[in-house]
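Hi,

Here is the structure I promised to pass on. Have a look at it first, then read my notes below.

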Amino acid sequence: MQHEQTTLHLTSSESRMLLSPGQRHKHSADEGGARILLITIRQDFLEKVVADRLNVSETEVCFFPWSEDSYTKILVQQAEQALSRSLHHPLSGIELDEFEWNLASFLLSVHKGTHSNCWFPSSPPPVAHPSLRKGIEYLHSNLSSPITLDDLCKITSLSKFHLIRLFQKYIGTTPGQYLQDQRLHLASQLLRHSEKSVTSIAFETGFNSLSSFERIFRKKFGVSPIKYRKMVSFKIR
């Protein structure tokens with residue numbers, strides 16, 4: 001999969017590439033072939049969805065082009081189901097509007113871009129379970145410090161098995177992945193709103209080396225921290 005001058009060799013079928021208007025892309029496959037689903041959503045419609053969600057009058061959306069995760073399968077399934085239904089029962093006006101709105105909203109939720117810092121709150125999510133809530137609050141208060149699963153078990157008075165199970169039930173992910181996501185979220189905010197060096201930001205957000213921070217950041221956002229800063233700085237201007 002090629003975007004402008006960047007080529008990504010995919011090892012998974014669960015990948016996305018988002019393009020801004022006017023950008024070029026190419027796809028090639030080995031002898032086994034490949035299935036590709038192309039979805040086009042107008043830029044002004046995406047911006048309308050973001051403006052409605054964030055309750056602002058106007059906004060701009062700039063996606064980071066690459067992503068590879070399990071949410072892609074859900075996106076493809078939703079689109080295929082809607083297309084299949086439309087063959088037998090054409091969507092009415094309101095049904096079509098709802099489908100387009102939900103599809104764009106889902107895409108904005110799972111794919112990172114300049115909207116992400118406002119789309120995803122940095123405060124702890126409301127959780128009914130008191131022990132789990134205590135653990136989540138501890139994570140948010142200690143993002144820059146080394147944290148182990150044993151630390152969380154001591155704070156929450158839960159076994160590792162129950163701690164992991166509760167995270168997956170209420171948050172939808174593991175404690176380690178949740179912590180990493182929050183650190184990346186904080187790092188993206190510092191890249192946007194501070195002049196600190198990438199190295200300083202890496203250690204301030206709890207990563208033990210610059211190389212691991214850059215690798216994990218690129219995997220999550222699809223671009224390097226330096227390129228991310230350039231992209232969001234361009235949008236802010």
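This is a predicted model: local features need pLDDT of at least 70, side-chain atom pairs count only at pLDDT 80 or more; totals for chains, interfaces and linings use all residues.

Which residues do ring pairs link into a cluster? They are Phe207, Phe213, Phe217 and Tyr228. Residues are numbered from 1 along each chain as its sequence is written, and side-chain values use heavy atoms, with hydrogens and water left out.

Now the aromatics. Searching the whole structure turns up five aromatic pairs (rings of Phe, Tyr and Trp, the last by its six-membered ring, with centres within 6.5 Å; planes under 30 degrees apart are stacked, over 60 edge-to-face, the rest tilted). Phe45 and Trp101 have ring centres 5.7 Å apart and planes at 85°, so they sit edge-to-face. Phe45 belongs to helix α1 (residues 43-54) and Trp101 to helix α3 (residues 93-110), so this pair ties together parts 56 residues apart in sequence. (Helices are DSSP runs of H or I, at least four residues; strands are runs of E, at least two; both are numbered from the N terminus.) Phe45 is buried at 15% relative accessible area, while Trp101 is partly exposed at 27% (buried is under 20%, exposed over 50%, partly exposed in between, with a 1.4 Å probe and protein chains only).

Phe217 and Tyr228 are also edge-to-face, at 5.4 Å centre to centre and 85° between planes. Both are buried.

There's an open sheet too: three strands, ordered β2-β1-β4, with antiparallel pairing (strands pair if DSSP finds at least two bridges between them). Its edge strands are β2 (6-7) and β4 (25-26).

Cheers
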